[in-house]
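Me: Could you take a close look at one part of this model for me? I'd like the charged side chains and how they pair up.

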Amino acid sequence: MTANPSIYLETMGCQMNALDSELVMGSLLAQGFRLTDDLLSAQLVVINTCSVRQHAEDKVYSRLGQLRGSKKKNPDQIVAVIGCMAERDGDNLLAKSPVVDILCGPTDLHRLPALINDVRTTRAPAVALSGKLRDRSTPRHHDAEHEDLEALDRGRWFGLSDHVATPKVFGRHQAYVRITRGCNKYCSFCVVPFTRGPESHRPPDQIVEEVRRLASGGVLEVTLLGQTVNHYHYIDDAGRETTFAELLRRVHDEVPELQRLRFVTSFPRDFTDDALKAMAESPRICRYLHIPAQSGSDDVLKRMNRGYTVAQYDSLIERARALMPDIALSGDMIVGFPGETEDDFAASLDLLRRARYKNCFIFKYSPRPGTTAFGRLEDDVPDEVKRRRNNDMLAVQAEINVANHRGMLEQLVEVLVEGPSKRTLKMQESEQDRGSEVDWSAKESAQLVGRTRGDQIVLLDGPPELIGNLVHARIYACTPYTLHGRLESTGPLVTSSLCHTTPAAAGNIPLAVLQA
Ligand code: SAH
Ligand code: F3S
C-alpha cells in the first residue's frame with residue numbers, strides 16, 4: 001500500500017451503521033487513509049453491511065461479485081466486510097466469497113485498523129466476530145471478548161467534518177450519538193440481538209460530553225441512537241441510576257447551544273410518562289417519535305414476541321398526543337409474518353389509520369436464519385400475497401401522508417437545511433455529463449432539501465449557503481412524501497463547508513443509501 005492508501009467505504013442499513021461508518025472512517029483517516037469513490041481501484045474496500053432482510057445481504061454479494069476481477073488485477077487490494085452480515089454469515093461468507101480479507105462484526109469495529117495491518121503483513125484473512133451465531137469449532141484470529149466496547153465511540157474524531165462532507169452523515173450540522181448498544185428483546189423475526197449482542201448503556205457523562213463537543217463544533221441537531229433507545233438506564237459505581245428521561249433532560253439542559261435533540265428507535269413497551277414529560281417540557285427536544293408497532297393484530301404481536309398488545313400501543317400514542325398534540329409519529333410495519341390472515345392484515349391497516357404516522361416503513365417478512373421465527377414458524381404467506389399487502393399498506397399510508405401534509409399548508413415551519421435536493425444533484429450530474437463544469441453551489445439559488453422538527457422533508461429554493469442553517473419556510477404545496485416551502489426568514493447564517501463541496505468530492509457513500 002502507498003503512504004496514503006485509498007478507501008472506498010459503503011454503508012448499507014440503519015442509522016447505527018451510518019454512525020459506525022463515520023467512526024470507522026474517522027479512525028482510518030486519522031491514520032493517513034484518504035477517501036475515493038472508485039470501488040475497483042481502491043486499496044481498501046470497506047462494506048458496512050445489514051442483515052435485517054435477505055435483500056440487504058443479496059446486495060453485499062453483488063458488490064463482492066464486482067470485485068472479483070479488480071482483485072485479480074490488483075492483488076494488494078484489501079476487502080473488509082464489516083457490520084451485521086459479517087457477524088451473521090461469518091466464515092460462510094469467507095468460503096463463498098474469496099475476495100474477502102477481513103470480517104469484523106459490529107461489536108469489534110475498534111479492531112479494524114489492527115485487522116488491516118494483520119492482512120498487510122500476513123496476506124491471510126483476519127476475523128473479529130463476537131461469535132454468537134458462529135460455529136465455535138472454527139478458530140478465531142482475534143479473540144473478541146469485548147474488553148472495550150466503548151473504544152470506537154470514545155475515539156470519535158470531532159474534526160472529521162472539516163475533512164469529509166456528505167449531506168447526511170458527515171455534514172457538520174447533524175450527528176448521531178450512540179447511547180445504547182445491542183438489544184435484549186429477541187423479537188422472533190429479528191437478527192439484531194444476535195449480530196449486535198446484548199444491550200448495554202453508555203455512561204451519561206460520556207454522552208453529554210460527546211454532544212457538547214459536537215455542538216461546540218457547529219452541530220445543530222443530534223440524534224441519540226439505540227435499538228431500543230428509550231430503554232436506556234445506567235447505574236454508576238456509586239449505585240446512582242440515570243433513567244432515559246433524566247438523560248434527555250441532562251443533554252437538553254447541559255448543552256443549551258444544541259438546537260435540536262432527537263432519538264431513535266423507541267420500543268413501545270418501555271415508554272414511561274417521565275420520558276414523555278421530559279420531551280414535552282424541553283423545547284429543543286423534537287416532538288418526534290419513531291415507535292414501530294410491527295402489526296395491528298394481537299395474535300401476530302404475540303408470535304412476534306413483541307411484549308405488548310394493540311390496546312397498549314394505542315394507549316401509548318394517546319398518552320403522547322395528550323401531552324404533545326403536535327407530535328409527529330413514525331412507524332415500522334411487517335406484512336406477511338407467518339400465520340398473518342387477511343383479518344390480521346386488516347387490523348394492521350386499522351392501526352395505521354389510528355396512528356396517522358407522518359411516515360411508516362413497511363417491510364415484507366423475510367425469514368432470518370438464527371431467529372426463533374425462522375426455526376419455529378413456517379414462512380407460509382406466499383410472496384405475491386406479501387407483495388399485495390405491502391402495496392395496499394403503502395397506498396393507505398400515502399393517503400394518510402396527503403391528509404397530514406394538507407393540514408400543514410400555509411403553516412410556517414422551521415427547517416434545518418441539509419443539502420441540495422435530488423433534483424439539484426441530478427441537474428449537476430447531467431451538466432457534468434454534457435461537459436459543463438457549472439457548480440450548483442455557486443448558483444444564486446438552487447432547490448435545497450431540509451427537515452422540520454417533526455422530521456418532515458421540505459423542498460425549498462434558496463442560496464446554497466443556507467445549507468447547515470435553520471430557516472423558516474411557509475408550506476405552499478405537498479405530495480405524499482414531501483412538503484414544498486417558500487423561504488420566509490433565516491437566522492444568522494453559519495457558513496458551511498458543504499456549500500463549497502461538489503457532490504463528486506463529497507465522499508463515496510451513495511446518496512441513495514444515506515437518504516434511505
Ligand atoms: N429497533 C431497531 C429495529 C431494527 S430492524 C431499529 O430500528 O434500529 C428495523 C426494522 O426492520 C424493524 O422495526 C422491522 O420492522 C424490520 N425487520 C426486522 N427484521 C425483519 C424481518 N426478518 N423481516 C422483515 N422486516 C424486518
Ligand atoms: Fe430487533 Fe425487536 Fe430488538 S425488532 S432490534 S429484536 S426490539
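Which residues are linked in a network of salt bridges?

Reply: A quick note before the details: this is a predicted model, where local features need pLDDT of at least 70, side-chain atom pairs count only at pLDDT 80 or more, and totals for chains, interfaces and linings use all residues. Residues are numbered from 1 along each chain as its sequence is written, chains are lettered from A and ligands numbered from 1 in the order in which they are written, and side-chain values use heavy atoms, with hydrogens and water left out.

Now the network. Its members are Asp20, Glu22, Glu150, Asp153, Arg156, Arg178, Arg181, Arg196, Arg202 and Glu210. A salt bridge here is a side-chain nitrogen of Lys or Arg within 4 Å of a carboxyl oxygen of Asp or Glu. Side chains of opposite charge can pair when their charged atoms come close.

Take Glu209 and Arg212, whose side chains form a salt bridge at 3.2 Å, N to O. Both sit in helix H9 (residues 204-216), three residues apart, which means about one helical turn separates them. Helices are DSSP runs of H or I with at least four residues, strands are runs of E with at least two, and both are numbered from the N terminus. Glu209 has 37% relative accessibility and is partly exposed; Arg212 is partly exposed too, at 32%. The cut-offs, with a 1.4 Å probe and protein chains only, are under 20% relative accessible area for buried, over 50% for exposed, and partly exposed in between.

Asp379 and Lys386 make another salt bridge, with their closest N and O atoms 2.9 Å apart. Asp379 is partly exposed at 35% relative accessibility, whereas Lys386 is buried, with a relative accessible area of 4%.

Then there's Glu418 with Arg451, a salt bridge at 3.6 Å, N to O. Glu418 belongs to strand E17 (residues 412-420) and Arg451 to strand E18 (residues 446-451), so this pair ties together parts 33 residues apart in sequence. Glu418 and Arg451 are both buried.

Charged residues also turn up around ligand 2: its shell has two of them, along with eight nonpolar and two polar residues. In that count Asp, Glu, Lys and Arg are charged, Ala, Val, Leu, Ile, Met, Phe, Trp, Tyr, Cys and Pro are nonpolar, and the others, Gly among them, are polar. The residues around ligand 2 include Lys185 and Arg306, where a residue counts if one of its heavy atoms lies within 4 Å.
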